[in-house]
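This briefing is for a reader who is new to the structure shown below. Please look through the sequence and the model before reading on.

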Amino acid sequence: MRAAVFHDREDVRVEEIARDDVGADEVRIDLRAAGICGSDLHEYAAGPIFVPDETPHPVTGETAPIPMGHEFAGVVSEVGSEVETLTEGDPVAVNPVIWDGTCRYCDEGKYHLCVNGGFVGLSGGGGGFAEETVVPAVSAVPLPDGVPVEHGALVEPFTVGVHAVRRANVRAGDSVAVFGSGPIGQAVIQASWAAGAGEIYVSEPQEARAEMAVDSGADVVVDPTESDPVERITSESDGGVDATFEVAGIETTVNQSINAAKRNGQVTIVSIFEDEVSVHPNDVVLGERRISGTLAYQGGPLSNVSFGRTIRMMETGRLDPELLVTSRIDLDDIVEEGFERLLGGSEEVKILVEP
Ligand SMILES: [Zn+2]
């Protein structure tokens, strides 16, 4: 079967690889769609970062070359002998969290914080840019009739947004500011809207993304290359919003997300950073602001909880995954039409790869 395999930096090949066997508690999935994520681009352009290259991943035991793709969905095509929750033909979205089941965080049910954790498609354990893959049955979350299977590929990034908004305790009527509106930023905007945010401010320089942010639920979009988003937000929100989200991964937006929050406000860092950034702690201390990080979403045996929540929100129209999809491409074209286009500064937001 064919898969897009990470060999090394700028060396991803669509090639024939061996099929995995299906274990007793696993399922085989005939893949229908997979989204390209910012972390895939980091691996391609600057990796290996998450991908294990010399030391095998402690859970999967794998090193590169490994198949890529961690935002994916498909149809169950084979079921392990002990699996009772799924049957052949079920459409599913796959929660890619990898966990060891033995550390203190797994004991506490925080599988995404597992000390030996990882993600399918980055750490081994199969991948979504392929014709098929094999995953633990508990990681495959059923999709209802109202959610098309290809939208199942967007459950992963939307669950990042929903998890971030839940961690920030956004409540009905709260004001929110989102710094950066790529795919995860858009998911945070939609999840804030669904949570009942009173006003949503977004800082985004790229025009197409700014327009999409409005469709996602933003009330005010500021172009930070034209005016100071902190000044605009604090003047319109009586000194700052209840909750801010940093979703761009650079020093400027970290500082903006702190200073656009009201005193006692909540700052949530969603991005993964390439570099250290500088922050003045007084900006946090003098306003008694709170800063939290947020990583992915609940996974492993609790995949149904986190992914199920997002899927219901898609089914009832609270979240609109189609809005983010700007292109659909063939697996064979993933490097040229996918990675290279996204890295080349195109106006793409989410590209779906369909095998
Ligand atoms: Zn663990």
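The points below cover the metal site, the sheets, a helix pair and some backbone features.

This is a predicted model, in which local features need pLDDT of at least 70 and side-chain atom pairs count only at pLDDT 80 or more, while totals for chains, interfaces and linings use all residues. Residues are numbered from 1 along each chain as its sequence is written, and side-chain values use heavy atoms, with hydrogens and water left out. Helices (H or I, at least four residues) and strands (E, at least two) are DSSP runs, numbered from the N terminus.

**Zinc site**

- Asp100 (OD), Cys103 (SG), Cys106 (SG) and Cys114 (SG) coordinate the zinc ion at 2.1 to 2.4 Å.
- Donors are N, O and S atoms within 2.8 Å of the metal (3.2 Å for Na, K and Ca); water is not among the atoms, so sites may look incomplete.
- Along the chain, the donors of the zinc ion follow the spacing D-x2-C-x2-C-x7-C.
- Cys103 lies in the loop between β7 (97-98) and α2 (104-107), and Cys114 in the loop between α2 and β8 (118-119), so this pair ties together parts that are 11 residues apart in sequence.
- The arrangement is tetrahedral because the 4 donor atoms around the zinc ion subtend angles of 90 to 126°; four donors count as tetrahedral if all angles lie between 85 and 135 degrees.

**Parallel sheet**

- An open sheet of 6 strands has the order β13-β12-β11-β14-β15-β16, with parallel pairing; two strands pair if DSSP finds at least two bridges between them.
- At the edges stand β13 (220-222) and β16 (290-293), each with a single partner strand, so one side of each is left without a neighbour in the sheet.
- From one strand to the next, the twist averages 20°.
- Strand β15 (residues 261-269) pairs with β16 in the parallel sense over 4 bridges, and Thr268 stands opposite Ser292 in β16.
- Helix α7 (residues 251-259) packs on this sheet and touches β11 (175-179), β14 (241-246), β15 and β16; the direction of α7 makes about 145° with that of β15.
- Axes are lines fitted to C-alpha atoms, for helices over the stretch in contact, and angles run from 0 to 180 degrees between N-to-C directions.

**Antiparallel pairing**

- Another open sheet has 3 strands in the order β2-β1-β4, and the pairing is antiparallel.
- Its edges are β2 (11-16) and β4 (66-67), each with a single partner strand, so one side of each is left without a neighbour in the sheet.
- Strand β1 (residues 2-8) and β4 pair over 2 bridges, and the bridge partner of Val5 in β4 is Pro67.
- Strand β5 (residues 71-79) and strand β6 (residues 91-94) pair in the antiparallel sense over 4 bridges, with Val75 opposite Pro91 in β6.
- β6 also pairs in the antiparallel sense with strand β10 (residues 140-142), over 3 bridges, and Ala93 stands opposite Val141 in β10.

**Helices α1 and α10**

- The axes of helix α1 (residues 38-46) and helix α10 (residues 334-343) come within 10 Å and cross at roughly 90°.
- The two helices, α1 and α10, are therefore roughly perpendicular to each other, a label for angles of 65 to 115 degrees.
- The contact (heavy atoms within 4.5 Å) is made by Asp40, Leu41, Tyr44 and Ala45 of α1 and Val335, Phe339, Glu340, Leu342 and Leu343 of α10.
- Its residues divide into 7 nonpolar, no polar and 2 charged; Ala, Val, Leu, Ile, Met, Phe, Trp, Tyr, Cys and Pro count as nonpolar, Asp, Glu, Lys and Arg as charged, and the others, Gly among them, as polar.

**Backbone features**

- Most residues other than glycine have a negative phi, and most peptide bonds are trans.
- The peptide bond from Gly47 to Pro48 is cis, with omega near 0°, and Pro48 lies in the loop between α1 and β4.
- The bond from Ala64 to Pro65 is also cis, with omega near 5°; Pro65 is in the loop between α1 and β4.
- Glu10, in the loop between β1 and β2, has a positive phi of about 55° although it is not a glycine.

Definitions and conventions:
Parallel < 35°, antiparallel > 145°, perpendicular 65-115°, else oblique. Tetrahedral: all angles 85-135°; square planar, octahedral: opposite > 155°, others 65-115°.
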